[in-house]
Amino acid sequence: MTGTGAGVGTDERPAGRTRLVQGPGLLLVWLYGVMSVGAASRTAFEISTKFDRAPLAYTLSGVAAAVYVFITYTLVRGGETARKVALVCCAGELVGVLTVGTWTIVDPSAFPDATVWSGFGWGYLFIPVLLPVTGMLWLRRSRRG
């Protein structure tokens, strides 16, 4: 579709905005979107029905959901600032996954119920530990040259 303005259906971006949702970035956004929905809905259910059972686990799942939503937003937004923010968030996410994953293995009694990041994301096919690594690689590669 052609046009003179940046309207619906055009591929135009504001001046200077790096497009992050292309190639492998599209898959990354899709995976972060799926993880956002999964973690947010799981957290909402757990907090509303059984928060007193494992408040730490459910709170950490909520943190994971917020991180996923924010990274999804920055990837879709695009631009160099969003790319840098997403890169920092992915690094923070990886630290969180590694910390919580290790904690759940070393002291399982602290987690009577699993978090999104328990066992490095074993309940989510290890996507939580692979996603930030993949995200950081893509974001470094997509840097404006």
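**How the helices pack**

Helix α1 crosses over α2 in a left-handed manner. In this predicted model, the axes of the two helices, α1 and α2, come within 8 Å of each other and cross at roughly 150°. Angles over 145 degrees count as roughly antiparallel, and α1 and α2 are therefore roughly antiparallel to each other. As for what sits where they touch, the residues in the contact of α1 with α2 split into 14 nonpolar, six polar and three charged.

Of its 145 residues, 39% count as buried. Looking at contacts with a separation of 6 or more, 67% of them in the protein come from residues 24 or more positions apart.

Back to α1 itself. This helix takes in residues 24-50, which makes 27 residues. From the first C-alpha to the last, α1 reaches 38 Å, close to the 39 Å expected at 1.5 Å a residue. Its buried residues are Gly25, Leu28, Val29, Tyr32, Met35, Ser36, Ala39, Thr43 and Glu46. An α-helix has 3.6 residues a turn, so residues three or four places apart point the same way. The cover over the buried residues of α1 includes α2 (55-77), α3 (80-106) and α4 (127-141).

The one in helix α1 is Thr43, which is buried, at a relative accessible area of 7%. Once its neighbours within four places in sequence are set aside, Thr43 touches Tyr58, Ser61 and Gly62 by way of contact. The other one, Thr72, belongs to helix α2. Thr72 is buried too, with a relative accessible area of 15%, a value under the 20% cut-off for that label. Again leaving out neighbours within four places in sequence, Thr72 is in contact with Val29, Tyr32, Gly33 and Ser36. Among these, Val29 sits 43 residues away from Thr72 along the chain, yet the C-alpha atoms of the pair are separated by 5.8 Å.

On the α2 side, the contact is made by Leu56, Leu60, Val67, Tyr68, Phe70, Ile71, Thr74, Leu75 and Arg77. On the α3 side, the residues are Ala82, Val85, Ala86, Cys89, Cys90, Glu93, Val100 and Trp103. Sorted by type, the contact of α2 with α3 has 14 nonpolar residues, one polar and two charged.

Phe120 is partly exposed, with a relative accessible area of 23%. Leu125 has its place in the loop between α3 and α4 as well. Its phi is positive, at about 60°, although Leu125 is not a glycine. Leu125 is exposed, with a relative accessible area of 69%.

Technical notes: Residues are numbered from 1 along each chain as its sequence is written. This is a predicted model: local features need pLDDT of at least 70, side-chain atom pairs count only at pLDDT 80 or more; totals for chains, interfaces and linings use all residues. Side-chain values use heavy atoms; hydrogens and water are left out. Helices (H or I, at least four residues) and strands (E, at least two) are DSSP runs, numbered from the N terminus. The expected span of a helix is 1.5 Å times one less than its number of residues. Buried means under 20% relative accessible area, exposed over 50%, partly exposed in between (1.4 Å probe, protein chains only). Contact means heavy atoms within 4.5 Å. Axes are lines fitted to C-alpha atoms, for helices over the stretch in contact, and angles run from 0 to 180 degrees between N-to-C directions. Angles under 35 degrees count as roughly parallel, over 145 as roughly antiparallel, 65 to 115 as roughly perpendicular and the rest as oblique. A crossing is left-handed if the near helix is turned anticlockwise from the far one by less than a right angle, and right-handed if clockwise. Ala, Val, Leu, Ile, Met, Phe, Trp, Tyr, Cys and Pro count as nonpolar, Asp, Glu, Lys and Arg as charged, and the others, Gly among them, as polar.
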